[in-house]
Amino acid sequence: MSPAILHFSRTGSVIKALFFLGVAAIAFAVAALMHSERASPPPIVVGAPDMVLPARPPHRDPLTPFKIPLLVIAGATCLFYAGRHGLRALTRQTAVRIEGGRLYFHPSYGADPNPLPTADIAEAICDRSDRLPGEMSGAVRFGARARHGLYLRYRSDGANRELRVIDNDIDGGTEQLRRFAAQVDAWRRSAAAKAER
C-alpha cells in the first residue's frame, strides 16, 4: 500500500452506513408512532348494557407537532450519511493522495482549495483523536480515545482552516495514517527548503 495514498476503508464505510441506516430507521419509526398516536380516535368505554361512555382523552404531548418534523429531518440526514458511506464502500475511492507537492482530497471532505499545496500546510499532526487540536464535547472526546486521526491546519484566502482524517475511514487504519503523515511532513519540509533558497 502506497504511503502517499489513503483509500476509504470498505469495512469502516459499511459499518458506518449500517449505523446511520439504523438510526434513520429508529427516527422514522418513532415519528410514525407519534403520528399514529395523534391520529387515533379516543377509546370508548362500555358501561351498563345500553350505556356507552367516552373514556377520558389520553394525555397527548403538545410538542408532538414539532417533534415529528425534527425526527423526519434527523432520519433524512442519517440517510444522507448512510448513502455517502455506502457509496464509499462500493466505489472504494481515494480519500486523499499526495502528488507533485499537492494534496488531492475526496470532494466529501470539503477541502478548500482542492488540491492543497503542501507549502500552505502550517501543521500536520497524527495522534489519538482526543489529543488533536480543536473543540470537542465531553462525550465525543471520550469516544475519540479509541480513534487516531490526522489533523491538518492550513492557510487559505488569508484564513486558517482545519481538516481531519480519522483512521476508521481509511484502509490500513492508524498505521497507514502515520505513513501518510510522514509523507506530508516530508513534502512540507521540501517546500519550506525551496522557499528559503
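This is a predicted model: local features need pLDDT of at least 70, side-chain atom pairs count only at pLDDT 80 or more; totals for chains, interfaces and linings use all residues.
Q: What does α2 reach from its first C-alpha to its last?
A: 40 Å, for 28 residues. That is close to the 40 Å expected at 1.5 Å a residue.

Q: Which residues of α2 are buried?
A: Thr64, Ile68, Gly75, Cys78, Ala82, His85, Arg88 and Ala89.

Q: What follows α2?
A: Arginine 92, with a positive phi near 50°.

Q: Back to α4. Which of its residues are buried?
A: Gly173, Thr174, Gln176, Leu177, Phe180, Ala181, Val184 and Ala191.

Q: What covers the buried residues of α4?
A: Strands β1, β4, β5, β7, β8 and β9 are included in the cover.

Q: Zoom out. How many helices and strands does the chain have?
A: Four helices and nine strands. From the N terminus, the order is β-α-β-β-α-β-β-β-β-α-β-β-α.

Q: How much of the chain is buried?
A: 29% of its 197 residues. Take the contacts with a separation of 6 or more: 63% of them join residues 24 or more positions apart.

Q: New topic: the largest pocket. How much space lies in it?
A: About 330 Å³.

Q: Which residues line the largest pocket?
A: Lys16, Phe20, Tyr81, Arg84, His85, Arg88, Ser108, Tyr109, Arg164, Ile166 and Asp169. By class, that lining has five charged, four nonpolar and two polar residues.

Q: Which element gives the most to that lining?
A: α2, with four residues. α1, α2 and β9 each supply at least two.

Q: Now aspartate 167. Where is it?
A: In the loop between β9 and α4.

Q: Which side chain does aspartate 167 join in a polar contact?
A: That of arginine 147, at 2.7 Å. Setting aside residues up to four places away in sequence, aspartate 167 touches Arg147, His148, Gly173, Thr174 and Leu177.

Q: And serine 9, where is that found?
A: In the loop between β1 and α1. Serine 9 counts as buried because its relative accessibility is 10%.

Q: What does the side chain of serine 9 reach?
A: The backbone nitrogen of glycine 12, at 3.1 Å. Beyond its neighbours within four places in sequence, serine 9 contacts Asn168, Asp169, Ile170 and Asp171.

Q: Last one. Which strand holds tyrosine 151?
A: β8. Tyrosine 151 counts as buried, at 2% relative accessibility.

Q: What is its polar partner?
A: Glutamate 162: the side chains of tyrosine 151 and glutamate 162 are joined by a polar contact of 2.9 Å.

Q: What else is tyrosine 151 in contact with?
A: Leaving out neighbours within four places in sequence, its contacts include Glu123, Ala124, Ile125, Leu132, Pro133, Leu163 and Arg164. The C-alpha atoms of tyrosine 151 and cysteine 126 are separated by 6.3 Å, with the two residues 25 apart along the chain.

Terms used. Residues are numbered from 1 along each chain as its sequence is written. Side-chain values use heavy atoms; hydrogens and water are left out. Buried means under 20% relative accessible area, exposed over 50%, partly exposed in between (1.4 Å probe, protein chains only). A polar contact is a pair of N or O atoms within 3.5 Å; within protein, one must be able to donate a hydrogen and the other to accept it, and residues adjacent in sequence count only if both atoms are side-chain atoms. Contact means heavy atoms within 4.5 Å. On a 1 Å grid over the protein atoms alone, a cavity is a set of points where a 1.4 Å probe fits but cannot get out, and a pocket is an open set with protein on both sides within 12 Å along at least five of seven lines; lining residues have an atom within 4 Å of a point. Grid points are joined across faces, edges and corners, and a volume is the space filled by probe spheres set on the points. Ala, Val, Leu, Ile, Met, Phe, Trp, Tyr, Cys and Pro count as nonpolar, Asp, Glu, Lys and Arg as charged, and the others, Gly among them, as polar. The expected span of a helix is 1.5 Å times one less than its number of residues.
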